Amino acid sequence: MRNLLRTSIAALALMTAFPAFAVENVVWWDFLSGGDGVRMKALIQRFNEEHKDKIQITGTTLEWGIPYYTKLQTSAAVGQGPDIATYHLSRLAAAVAAKTVSPIDPKELDAVGLKDSDYPPNAIAASTVDNLRYAVPFDVHGEVLYYNKTVLKELGALDKDGKPTGIDTLEGWRAVLAKAKEAGKNGVVISSSNGDLRDIYTLFGQQGGQLTADGKFLQGDNFDKMEKAYNEVADWVKQGWAQPYIDTETITPTFLAGQSAFFLNGNWELPTMETEVAKGNGFDYGMVNIPAWMGKPANWSDSHSFVIPNNVGVTMTPEKRAAVLEVIRWMNVNSLEWAAAGHIPAYLPVSTSAAYKALKPQADYAAMALNAFYMPKTPLTGAASKFDDDWQNMASGPLNGDGDVKETLEKFRDHMNSQ
């Protein structure tokens, strides 16, 4: 009996010191606010409910942009960063240069059922730097074409399926914009005050342009392609088909006023459109890919992704690593819910599923993910980057009728190459 008692006490002590079912706590950081934040918090809650007593995510949302990336970099450098973080693929090169993120072996992902072939090739390419994988794409978001069905119907530019007609070529697109002006409507709403980088970059990509070559910006005929793209968009304003000085605060309300045929913006504005329709302030609208007006299909794009921070001086245990990989796997497999935010799930088994194809208008622009045109892999470009800020400050003038396009782009090119 005494031996049995001693054995029982010893077993109890062992169980207390090493619980049979230890819960792995995964510290999570993101920059997702608004509708994105609401949806991500719901996904985290679902994950925690389904993984009770196994894995629990402790999430924190930080300020978007430079504050987020700076805090992640400084925290990881002293070993106090999270276990997993959201990251824009367009900024990945900067993260790698700063040693903020650690590599992820594709074999690890394959072991949990995430294969490279399950993602758009361009997204996988954007997830690698110097042939090493550093991120797992979660979505593809990019520039798309919104349209007002009522206005297009009045212009005779809406087909029987409720899609724009006559705009597949640049000549046709310009003709519809001109027709809208003649009818007293605004042709297209663009982010003119900010230099409309995403649309100009889209047309640049459709020509096969490459922003950087041999570490320099706009080399060779890439300058000519950028000039051609800029001149085209600037002409929309010059012809009176688009309005000058429309900034990020007024761009969506301008389209929602209901007097514009088209609206060029990111697919993340979908929740705003849905909310306004639900409130009775909207109108019948649709969303499609931007046609290949200048050659091949291409859309300015970026991706929210997952990275594993390089917490200096801290070695992640195999159990923690497995928990983080399970979080990444689960989020990808359950990303249909994320599609409600307008983003296209990067995980192809979701974005090609019958459930996703039933989503409207999301399914109407889903092919955009296959035409994703990312910023180049340089620390100077990407979301909330120096390139974006300097473009707005230095290169937005001609779009609003102030300055010469070629001269402005030459100065901007030389400025970026001096960095």
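What is the strand order of the open sheet of 5 strands? I looked that up first, and I read 2-1-3-14-6, with mixed pairing. Strand 2 (55–61) and strand 6 (136–137) sit at the edges with a single partner strand each, so one side of each has no neighbour in the sheet.

Ground rules, for my own use. This is a predicted model, where local features need pLDDT of at least 70 and side-chain atom pairs count only at pLDDT 80 or more, while totals for chains, interfaces and linings use all residues. Residues are numbered from 1 along each chain as its sequence is written, and side-chain values use heavy atoms, with hydrogens and water left out.

**Sheet.** I take helices (H or I, at least four residues) and strands (E, at least two) as DSSP runs, numbered from the N terminus. Two strands pair if DSSP finds at least two bridges between them. Strand 14 (residues 304–307) pairs with strand 6 in the antiparallel sense over 2 bridges, and there Ser305 is the bridge partner of Pro137. Strand 14 also runs antiparallel to strand 3, joined by 4 bridges. On that side I found His88 opposite His304.

I then checked burial, where buried means under 20% relative accessible area, exposed over 50%, and partly exposed in between (1.4 Å probe, protein chains only). Both faces of strand 14 are covered: His304 and Phe306 are buried on one side, Ser305 and Val307 on the other.

**Helices on the sheet.** Contact means heavy atoms within 4.5 Å. Axes are lines fitted to C-alpha atoms, for helices over the stretch in contact, with angles from 0 to 180 degrees between N-to-C directions. Helix 3 (residues 66–77) lies across strand 1 (24–30) and strand 3 (84–88), at about 135 degrees to strand 3. Helix 13 (residues 318–333) lies across strands 1, 2, 3, 6 and 14, and I note about 55 degrees to strand 1.

**Helix 12.** Which residues of helix 12 (residues 270–278) are buried? I get Leu270, Pro271, Met273 and Glu276. They pack against helix 2 (34–50), strand 7 (139–148), helix 11 (251–256) and strand 12 (285–288). After helix 12 comes Gly280, with a positive phi near 85 degrees.

On a 1 Å grid over the protein atoms alone, a cavity is a set of points where a 1.4 Å probe fits but cannot get out; a pocket is an open set with protein on both sides within 12 Å along at least five of seven lines; lining residues have an atom within 4 Å of a point. Points are joined across faces, edges and corners, and a volume is the space filled by probe spheres set on them.

The largest pocket comes to about 1,300 Å³. Of its 38 lining residues, Trp64, Arg198, Thr248, Asn265 and Trp268 lie nearest the centre. Helix 16 (386–394) supplies the largest share, 4 residues. The lining divides into 14 nonpolar, 16 polar and 8 charged (Ala, Val, Leu, Ile, Met, Phe, Trp, Tyr, Cys and Pro count as nonpolar, Asp, Glu, Lys and Arg as charged, the others, Gly among them, as polar).

**Asp105.** At 37% relative accessibility, I log Asp105 as partly exposed.
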